[in-house]
Amino acid sequence: MKKRIILIAILIVSQLNYSQKTVKMVTEYGAKNRELQEVLSFENIGLETLNFESSEIKGKYYEINIKEYKNGKLIKTKSLFEGSDSEYFKIDSTFTSFKFFTKMENNILKTYLKGKRFGSRQEYFDLEEGNGKYVLKDFQGSKKFLNVPLNEEFPILAIITATKHKDGSGSYCEVAQSEISPEKFGEKFNIPHYFIISMQFK
């Protein structure tokens, strides 16, 4: 009986350790060169660099998806990158990073990923509101980094419109840094249409 209890305890602790493993994620907005950033802003191009660091990611792959929400409901999920199709894309160190680009023009969203060993296809999505209404935002805000789960899918970026206040003002950061589950943005902040970019290590 005691052996059984000890075995169950070990299994529970092992499961907790497995589920609690995290990866350090640091997001960097825009280009480091000021003049280049001015050009990106002029062309309405969004850029986020995402950096991941952990001894646990070496030897793994990752997958990146974009999820589209309308009226609070998920209507479409599309793969932007899936690395496990080839050994070439296996992470070979304790650090990996990639850049995520967006361009919004003529009510069309264009996305592109650029990593150390790959460049993704350019993908296109229809926008519900005019250009300039949608903004690429990260979830890090004023924090230096975020800990994201190693063994689960997690959100990394959002493409959103602003939440509107009664006085006519609006806010993007209030939404992205709210710590509300991204799946609830539409319901909580009355945003009818938005996108969430998610990632998972495999």
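Predicted model: local features only at pLDDT ≥ 70, side-chain atom pairs only at ≥ 80, totals over all residues.
Me: What about the largest nonpolar core, how many residues does it have?
Reply: It has 42 residues. Those with the most contacts inside it are F52, F98, I156 and F201.

Me: Stepping back, how many helices and strands are there in the protein?
Reply: The protein has four helices and 13 strands.

Me: And what share of the residues counts as buried?
Reply: Of the 202 residues, 40% count as buried. The protein exposes about 12000 Å², and carbon and sulfur atoms supply 51% of that area.

Me: What part of the contacts with a separation of 6 or more comes from residues 24 or more positions apart?
Reply: Such residues account for 65% of those contacts.

Me: On to the sheets. What is the strand order in the open sheet of six strands?
Reply: The order is β7-β6-β5-β2-β1-β9, and the pairing is antiparallel. β7 (123–126) and β9 stand at the edges, each with a single partner strand, so one side of each has no neighbour in the sheet. The twist from one strand to the next averages 30°.

Me: How many bridges join β1 and β9?
Reply: Four, between β1 (residues 22–29) and β9 (residues 146–149), in the antiparallel sense. M25 has L146 as its bridge partner in β9, and T22 stands opposite P149.

Me: And how many between β1 and β2?
Reply: Six bridges, again antiparallel, with β2 covering residues 45–53. In that pairing T27 stands opposite L50.

Me: Now the open sheet of five strands. What order does that one have?
Reply: It runs β4-β3-β13-β10-β8, with antiparallel pairing. Its edge strands are β4 (73–82) and β8 (135–138), each pairing on one side only. Here the twist averages 25° from one strand to the next.

Me: How many bridges are there between β10 and β13?
Reply: Five, in the antiparallel sense, between residues 154–160 of β10 and residues 193–201 of β13. F154 stands opposite M199 in β13. Both F154 and M199 are among the residues that F52 touches.

Me: Is N65 buried or exposed?
Reply: N65 is buried, because its relative accessible area is 10% and the cut-off for buried is under 20%. N65 is found in strand β3 (residues 62–70).

Me: What does the side chain of N65 have a polar contact with?
Reply: The side chain of E63, at 3.3 Å. Leaving aside neighbours within four places in sequence, N65 is in contact with T77, K78, S79, L80, E153, I196, I197 and S198.

Me: T77 is in that list. Which strand does T77 lie in?
Reply: T77 lies in strand β4. Apart from residues up to four places away in sequence, T77 touches N65, I66 and K67.

Me: Why does T77 count as partly exposed?
Reply: Because its relative accessibility is 45%, and partly exposed covers the range between the buried limit of 20% and the exposed limit of 50%.

Me: What separates the C-alpha atoms of T77 and I197?
Reply: They are 9.6 Å apart, although T77 and I197 are 120 residues apart along the chain.

Me: Change of topic. Where is S171 found?
Reply: S171 is found in strand β12 (residues 170–171). It is buried, with a relative accessible area of 18%.

Me: What lies 3.0 Å from a polar atom of the side chain of S171?
Reply: The backbone nitrogen of E174. S171 is also in contact with A162, T163 and H165, leaving aside its neighbours within four places in sequence.

Me: Last one, helix α2. What does a side-chain oxygen of N33 reach at its start?
Reply: The backbone nitrogen of E35, to within 3.0 Å, with α2 covering residues 34–42.

Me: And which residue with a positive phi follows α2?
Reply: N44, with phi near 60°.

Note on methods
Residues numbered from 1 in each chain as written. Heavy atoms only, no water. Pairing = 2+ DSSP bridges. Helix = DSSP H or I, 4+ residues; strand = E, 2+ residues; numbered from the N terminus. Axes fitted to C-alpha atoms, helices over the stretch in contact; angles between N-to-C directions. Buried < 20%, exposed > 50% of the residue type's maximum accessible area, 1.4 Å probe, protein only. Contact = heavy atoms within 4.5 Å. Polar contact = N/O pair within 3.5 Å; in protein donor to acceptor, adjacent residues only side chain to side chain. Core = buried A, V, L, I, M, F, W, Y, C linked by side-chain atoms within 4.5 Å. Areas by Shrake-Rupley, 256 points an atom, 1.4 Å probe, with all protein chains shown as cover.
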